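Hello,

Here is the structure you asked for, with notes on what turned up in it. Please look it over before reading on.

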Amino acid sequence: MEITTRLEFDAGHRIPDHKSQCRNLHGHRYALEITLSGEIIDAEHASENGMVMDFADVKRIARETIVDRWDHAFLVYRGDTVVLDFLNSLPSHKTVIFPSVPTAENMAAEAFKLLKAQYQDTFGNQLKLVKVRLYETPNSWTDAFDLI
Ligand SMILES: Nc1nc2c(c(=O)[nH]1)N=C([C@H](O)[C@H](O)COP(=O)(O)OP(=O)(O)OP(=O)(O)O)CN2
Ligand SMILES: [Zn+2]
């Protein structure tokens, strides 16, 4: 079985070498969809009985791991020194330094890597993160999978 839940957040970014307008500082309302697979839990009287994982717990983990960190932050490539220096000059600014250019693809890959370690198979139902889908706009999105 697969389950999917969706969270949204706002963040700023830029693609410094982009050929067009994405080189400008701008923001998106991102949507993050998390898909997990596993067997349906068969544990009489357990809160999770009949579920792959409680959607509330899927979202709580995603909030703690990604959304609370990236929401209303500016995501900056660590090599984008002109913008990084500017952001560092702003008192108490919420800045997330990225190891790669914060394209939708790199953000989804980073989210997958961080989330994979957080979804634990506590009920022995082969719970597994299978996909992270990130919408950068309502019309454009990317899917990250486990490449290992
Ligand atoms: N493969 C990718 N292409 C682009 C990315 C990306 O992350 N991966 N990012 C951008 C820019 O960030 C840009 O903000 C989004 O571009 P675009 O889809 O062209 O923006 P629109 O506002 O025109 O999108 P609508 O879907 O029409 O609202 C560029 N390319
Ligand atoms: Zn953008």
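Which strands do the buried residues of α2 pack against? They are β3 (73–77) and β4 (95–98). Please keep in mind that this is a predicted model.

Helix α2 covers residues 81–88, and its buried residues are V83, L84 and L87. Viewed down the helix axis, these buried residues fall within an arc of 100°, so they line one face of α2. In general, an α-helix has 3.6 residues a turn, so residues three or four places apart point the same way. On the face of α2 turned away from the buried side are V82, D85 and N88, which are exposed.

Now the ligand. Ligand 1 is surrounded by 13 residues, and the closest are C22, H28, A104, E105 and T137. By class, this shell has eight polar, three nonpolar and two charged residues.

- H28: an N or O atom of the side chain is 2.9 Å from an oxygen atom of the ligand.
- A104: a backbone N or O atom lies 2.7 Å from an oxygen atom of the ligand.
- N139: an N or O atom of the side chain is 3.1 Å from an oxygen atom of the ligand.

Taken alone, ligand 1 exposes 620 Å², of which the protein buries 56%. The elements that give two or more residues to the shell around the ligand are β2 (26–37), α3 (104–116) and β5 (128–137).

Regards

Conventions. Residues are numbered from 1 along each chain as its sequence is written. Chains are lettered from A and ligands numbered from 1 in the order in which they are written. This is a predicted model: local features need pLDDT of at least 70, side-chain atom pairs count only at pLDDT 80 or more; totals for chains, interfaces and linings use all residues. Side-chain values use heavy atoms; hydrogens and water are left out. Buried means under 20% relative accessible area, exposed over 50%, partly exposed in between (1.4 Å probe, protein chains only). Helices (H or I, at least four residues) and strands (E, at least two) are DSSP runs, numbered from the N terminus. The arc is that of the directions from the helix axis to the C-beta atoms. Contact means heavy atoms within 4.5 Å. A residue is near a molecule or strand if one of its heavy atoms lies within 4 Å of it. A polar contact is a pair of N or O atoms within 3.5 Å; within protein, one must be able to donate a hydrogen and the other to accept it, and residues adjacent in sequence count only if both atoms are side-chain atoms. Accessible areas come from the Shrake-Rupley method with a 1.4 Å probe; for residues, only the protein chains shown count as cover. Ala, Val, Leu, Ile, Met, Phe, Trp, Tyr, Cys and Pro count as nonpolar, Asp, Glu, Lys and Arg as charged, and the others, Gly among them, as polar.
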